[in-house]
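This report examines selected local features of a protein model. The sequence and the structure are shown first.

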Amino acid sequence: MFDLILRNATLPDGRQGIDIAVRGGRIAALALAIAAEAGEVIDVGGRLVSPPFVDPHFHMDATLSLGLPRMNVSGTLLEGIALWGELRPLLTKEALVERALRYCDLAVSQGLLHIRSHVDTSDPRLVTAEALLEVRERVRSYIDLQLVAFPQDGYYRAPEGPRSLERALDMGLDVVGAIPHFERTMAEGARSLEAICRIAAERGLPVDVHCDETDDPLSRHVETLAAETVRFGLQGRVTGSHLTSMHSMDNYYVSKLIPLMAEARMQVIANPLINIMLQGRHDTYPKRRGLTRVRELMDAGLTVALGQDCTMDPWYAMGSADMLEVAHMAIHVAQMGSVADKHRIFEAVTTHSARLMGLEGYGLAVGCHADLVVLQAADVVEALRLKPTRLLVLRRGKVIAKNPPRITELCLPDRPARIDSGRDFLPAGSTVPEARSGI
Ligand SMILES: [Zn+2]
């Protein structure tokens, strides 16, 4: 006897007609046609069932602040940082908590249940850290939230930068951050990486650095981060976020750099929505895309994940907590359009992000948490194409969000009466799982 059985699921690896049985909040069985009773049975009609989406790079202290205190006129990274600096003294814990909780509601509706958020520690009041620690507790039953102590204005460049970062870690933040390319000099950026890797080693924490978010092909902080990772014995615990300088680097230099990153078992996060929006701003034409070398880093065996970075904040006026939107942009900007590439990109917003965040019990296997998302799509390739409705979102085997399928009723002569975008436009040769229910 199980608590719940989801019947007739298509899995991300392509298996069809799979039943997923849940007991005690975990996946207890996963097989074709499970012959057993359950407290509840949901026939998902052949739809794709995925583990939840994972966003390993976000700024929850800034999200939904668009328009406060004004809009970013130039649309650049640097005006965004300046604008955030104007807003920061006005922030209150109550307003931060309220915005973050509203964002988490949106995330749940999109099947996004694991988020790593950077938390700005530049203001010694640390109201951001206080607020996000409260949010981490309040959402714990439905979202896993990891918090990075992030010196937005520079570890050395901000007054009290080092002290504020240490205090934020003392308060209970989970990860050590940095922003070396925003320090005053390359040398100071390198020193900041040494300092934060030392802190991470002493405290036993992971590292996640905004590293070389710049078009400067000569920025060398990725190399330094890899070297400090090895020096402090942090292999496998260090993430380089953005790495957009790698887009512009000389190919010969990159042929040396990627093996150094592999030696350090560095984990990588690209943020395609933000990178394509903010990089190349000083170019006329040709205009660089700015995304790091996703395919080459994957080919080198590094864990490469995709992050959303921003939603409706000083840096980015768009965003919708949809990791499939992030993946969709990555497919275009990294030019990864084959079926095999699309599966790698899907992993970059699910399993690879989960590995990067060190999530326990994540995945679609017996023993994993019964955290599941049912999508209005036939498979992974279709999910990436359509960014479809999340029909059901389950956490520990309980439904925590539902959306009705998007069905269009057509009023046209001699044409179908209705269209289900998730079933009616599959590529030639695709097998369409038979729908046995209304889901
Ligand atoms: Zn960021």
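## Basis of the report

The structure is a predicted model.

## The open sheet

Four strands form an open sheet, arranged in the order β5-β14-β15-β16 with antiparallel pairing. Its edges are β5 and β16 (398–402), each of which pairs on one side only. From one strand to the next, the twist averages 20°.

Strands of a sheet pair through backbone hydrogen bonds, in either a parallel or an antiparallel arrangement.

## Strand β14 and its partners

Strand β14 spans residues 372–375. Strand β5 (residues 48–50) runs antiparallel to β14 and is joined to β14 by three bridges. Within this pairing, Leu48 stands opposite Leu375 of β14. Strand β15 (residues 390–395) also pairs with β14 in the antiparallel sense, over four bridges. Here Leu372 has Leu394 of β15 as its bridge partner.

In a regular strand, side chains alternate between the two faces of the sheet. In β14, Leu372 and Val374 point one way, whereas Val373 and Leu375 point the other way. Are these four residues of β14 buried or exposed? Leu372, Val373, Val374 and Leu375 are all buried.

His118 lies in strand β7, which covers residues 112–120.

Beyond its neighbours within four places in sequence, His118 is in contact with His59, Val148, Phe150 and Gly177. Asp61 is 57 residues away from His118 along the chain, yet the C-alpha atoms of the two residues are separated by 7.9 Å.

## Helix α12 and its cover

Helix α12 comprises residues 339–348, and its buried residues are Lys342, Ile345, Phe346, Glu347 and Ala348. An α-helix has 3.6 residues a turn, so residues three or four places apart point the same way.

Which elements cover the buried residues of α12? The cover includes strand β13 (304–306) together with the helices α11 (323–333), α13 (351–357) and α14 (380–386).

How values were computed. Residues are numbered from 1 along each chain as its sequence is written. This is a predicted model: local features need pLDDT of at least 70, side-chain atom pairs count only at pLDDT 80 or more; totals for chains, interfaces and linings use all residues. A residue is buried if 20 or more other C-beta atoms lie within 10 Å of its own, exposed if 12 or fewer, and partly exposed in between; C-beta atoms are placed from the backbone. Helices (H or I, at least four residues) and strands (E, at least two) are DSSP runs, numbered from the N terminus. Two residues are in contact if their C-beta atoms, placed from the backbone, lie within 7 Å. Two strands pair if DSSP finds at least two bridges between them. Axes are lines fitted to C-alpha atoms, for helices over the stretch in contact, and angles run from 0 to 180 degrees between N-to-C directions.
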